[in-house]
Amino acid sequence: MMAMVKQIVTVVVIVAAVVAEAGDTNGVFSPCSDAKVKRFDGFTFGVAFSQKDSFFFNKTQLSPCDRRLSLGSTNSQLAVFRPKVDEISLLTVNSTNFNSISNGVYMVAFAGRKYAARSTPVLVADSQHTITSFTMVLEFKKGTLQSFYWKKFGCSKCSKKSAFVCLNGQDCAVKSSNCKNQGGSIDCNISIQLIFSGTDKKLTPLNSWYELKNLRQYSLFGLYSNIRDAIMNQYNDFF
């Protein structure tokens, strides 16, 4: 599984809390192991990129940790992250190698073995488009991850931008011809805004879900103009 790691990953953390507890008590660093966490612990999870069918075995979606999947033989790629629990984070993934995945690129977030939480597969790129901005919610119960789900915000912010198109009425996508890796001017690396909900192992509520509304009032470029400028420019006024 780890042989699939060919990504250069940058994590930009947006601190949603005023005071953080000292120390990370979570000693689990594998995305395929179970963890029970408290607020502000590090939490490791993976995101796998592959063809949609690669995430299914006998028509049932399995975790990328499950050996019954043949991800290693399909040019699949893997990114591993360790954000702090209940801090809103912006995760970015280098999309340069996605051209090696045919028939469309989908991604699935996953963590754990006993609970084997995994998101539904979401389209990242096809032959003509690349979706560059995503929001993902991690739902915890008593510190154990229960589920991942993708939060959609529609296409209202991209409908008047010539380089973007609306897919399925819910995703803003860049026309591939406008991406830098195809000679265009737009950096088409993938950006995942990460938020948390539920409770930690001490039953403390995870509040970053409620911070999302406030964050979306501002431009990410305006907040972080000195960090990852090349990526953030295209998202000015998106959030």
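Let's start at Asp171. Leaving out residues up to four places away in sequence, Asp171 touches Ile131, Lys152, Cys155, Val165 and Cys166. Contact here means heavy atoms within 4.5 Å.

Before going on, the ground rules. This is a predicted model, where local features need pLDDT of at least 70 and side-chain atom pairs count only at pLDDT 80 or more, while totals for chains, interfaces and linings use all residues. Residues are numbered from 1 along each chain as its sequence is written, and side-chain values use heavy atoms, with hydrogens and water left out.

Back to Asp171. It sits in strand E14, residues 171-175. Helices (H or I, at least four residues) and strands (E, at least two) are DSSP runs, numbered from the N terminus. Buried or exposed? Asp171 is buried, at a relative accessible area of 10%. The cut-offs: buried is under 20% relative accessible area, exposed is over 50%, partly exposed is in between, with a 1.4 Å probe and protein chains only.

Which side chain does Asp171 meet in a polar contact? That of Lys152, at 2.9 Å. A polar contact is a pair of N or O atoms within 3.5 Å; within protein, one must be able to donate a hydrogen and the other to accept it, and residues adjacent in sequence count only if both atoms are side-chain atoms.

Lys152 and Asp171 also form a salt bridge, with the closest N and O atoms 2.9 Å apart. Lys152 is in the loop between strand E12 (144-151) and strand E13 (164-167), and Asp171 is in strand E14, so this pair ties together parts 19 residues apart in sequence. Lys152 is partly exposed, at 29% relative accessibility. The rule for a salt bridge: a side-chain nitrogen of Lys or Arg within 4 Å of a carboxyl oxygen of Asp or Glu.

How many salt bridges does a search of the whole structure find? Five. Another of them joins Asp24 and Arg82, with 3.1 Å between the closest N and O atoms. Asp24 lies in the loop between strand E1 (9-14) and strand E2 (45-50), Arg82 in the loop between strand E5 (77-81) and strand E6 (88-93); the pair therefore ties together parts that are 58 residues apart in sequence. Both ends are partly exposed: Asp24 has a relative accessible area of 41%, and Arg82 is at 27%. Then there is Asp66 with Arg68, a salt bridge at 2.8 Å, N to O. Asp66 is partly exposed too, at 23%.

Next, cavities. On a 1 Å grid over the protein atoms alone, a cavity is a set of points where a 1.4 Å probe fits but cannot get out, and lining residues have an atom within 4 Å of a point. Points are joined across faces, edges and corners, and the volume is the space filled by probe spheres set on them. The count is one cavity of 30 Å³ or more. The largest cavity has a volume of about 80 Å³. What lines it? Ser33, Asp34, Ala35, Phe43, Ala111, Gly112, Tyr115, Thr144 and Leu145. By class, that is five nonpolar, three polar and one charged residues. Ala, Val, Leu, Ile, Met, Phe, Trp, Tyr, Cys and Pro count as nonpolar; Asp, Glu, Lys and Arg as charged; the others, Gly among them, as polar.

Now backbone angles. Phe40 is not a glycine, yet has a positive phi of about 75°. Phe40 lies in the loop between E1 and E2. It is buried, at 4% relative accessibility. Asn58 has a positive phi as well, about 50°, and is not a glycine either. Its place is the loop between strand E3 (56-57) and strand E4 (60-61). Asn58 is exposed, at 64%.

One more residue: Lys52. Its loop runs between E2 and E3. Lys52 is partly exposed, at 38% relative accessibility. Not counting residues up to four places away in sequence, Lys52 touches Tyr106 and Pro121. Lys52 and Val122 are 70 residues apart in sequence and 8.3 Å apart in space, C-alpha to C-alpha.

Last, the whole chain. The protein chain has three helices and 15 strands. Of its 239 residues, 50% count as buried. Take the contacts between residues at least 6 apart in sequence: 66% join residues at least 24 apart.

Notes: On a 1 Å grid over the protein atoms alone, a cavity is a set of points where a 1.4 Å probe fits but cannot get out, and a pocket is an open set with protein on both sides within 12 Å along at least five of seven lines; lining residues have an atom within 4 Å of a point.
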